[in-house]
Amino acid sequence: MQDREGIPFSMEKKDMDLERDGGSNSLGQNPILSQEVVIAGPSSVDLATNISKAMGLSKICPELRVFSDGESKIRIKEKLGNRTCIIIQSAFPPHVDRHILQTLMLLKKCADDSAKNIIVVVPYMAYARQDSAFLEGEVVTAELLAKMYGNFGARSMVTVDIHSLRALSYFQKRMHSINLSAIPLLADYAKSKLGMNMNNSITVSPDEGGFMRAKSFALKLNNNVTCLKKTRDRSTGEIKVDHLASLNGDRIQGLDIVLIDDIVSTGSTIIKAADILKSGGCRGITVMCSHALMTEESTKQIKAAGVDKIVATNTVPKKEAMGTFVEAIDLSSVISSTISKMIA
Ligand code: R5P
């Protein structure tokens, strides 16, 4: 197939899956749309499918082409005028920027069609860690994203465990913004599947910034909680994880650890935390996080550092090669019940 300038279309595997999808799609197989429609962004098709099913709404799968020069082309044949459009699209590695641009394309299509309302659901909000200019001259990308989504017509934004309240505040200034927590879902899993209780385990945050998150998780399990101390060299990005005075061998000796973080990416934070916890004589380590951004390589390194399991939500789809070491918990019920209330 040829397109502009004779450059052949290249279709990612996911794109081909999209075209095979049996639901309402952009090829006009199901022209009867509900008043509120879920638009499955190319990065989050499975999650969008679960959400549309849970809400009993039509799902539109945009037709996507990714050209050999890296550009995306999006086509939605359905007319979206007068409908409430719910776009679901996370932005995660390795194509973070592509995912963001695709979201803008979807927003533009909804706005061009004069959609009645546009809700953008970004289960994992990339760039939220750059919520300030930490060094002079840095661009605050969390603010930039909020401006872009707002300028392209998003009236509401829903995300999950955004990295900081400061990042959230940029969205709140421009649109109705909801930040959901995966903690209740993770705590239920820890109780029912890992059998965590106060006598056999302790909850640990790898840094002081995540202490409140770990505390709210521990509260749900009536568990003890502590945190380590992480420092980052802002120029090189290198991190150091140390004991806090409050954490000593006595408190973790023989206990199962649940390390709670919002994001696991390169694994550096978790690997350094695991080293300290192992040297303190803990029994086992399970990592629980909202957003698992790891590559296969960093996953292997985390496993090699003595972590028994990673439990994450499906804001970022799990890579098959991660096998049973990484467990993905579906949070479509949490997202769909929130959107249901918004559109009621
Ligand atoms: C940082 O403050 C976050 O809460 C995470 O700890 C961090 O993003 C994890 O990244 P990595 O796995 O690359 O250390």
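This briefing describes the ligand site and the pocket around it. The model is predicted, so that local features need pLDDT of at least 70 and side-chain atom pairs count only at pLDDT 80 or more, while totals for chains, interfaces and linings use all residues. Residues are numbered from 1 along each chain as its sequence is written, and side-chain values use heavy atoms, with hydrogens and water left out.

**Ligand shell**
- The ligand is surrounded by 13 residues (a heavy atom within 4 Å), and the closest are D261, D262, S265, T266 and T269.
- β14 (256-264) and α9 (268-279) each supply at least two residues of this shell, with the largest share, 4 residues, coming from β14.

**Polar contacts** (pairs of N or O atoms within 3.5 Å)
- A side-chain N or O atom of D261 is 2.6 Å from an oxygen atom of the ligand, and a side-chain N or O atom of D262 is 2.6 Å from an oxygen atom of the ligand.
- For S265, a backbone N or O atom lies 2.8 Å from an oxygen atom of the ligand.
- The protein buries 89% of the 380 Å² that the ligand exposes when taken alone (Shrake-Rupley method, 1.4 Å probe).

**Pocket**
- The ligand sits in the largest pocket, in the sense that more than half of its atoms lie within 2 Å of the grid points.
- A pocket is an open set of points on a 1 Å grid over the protein atoms alone, where a 1.4 Å probe fits, with protein on both sides within 12 Å along at least five of seven lines; lining residues have an atom within 4 Å of a point.
- About 920 Å³ of space lies in the largest pocket, which is lined by 36 residues, with R129, H163, K230, R232 and I263 nearest its centre.

Definitions and conventions: A polar contact is a pair of N or O atoms within 3.5 Å; within protein, one must be able to donate a hydrogen and the other to accept it, and residues adjacent in sequence count only if both atoms are side-chain atoms. Grid points are joined across faces, edges and corners, and a volume is the space filled by probe spheres set on the points.
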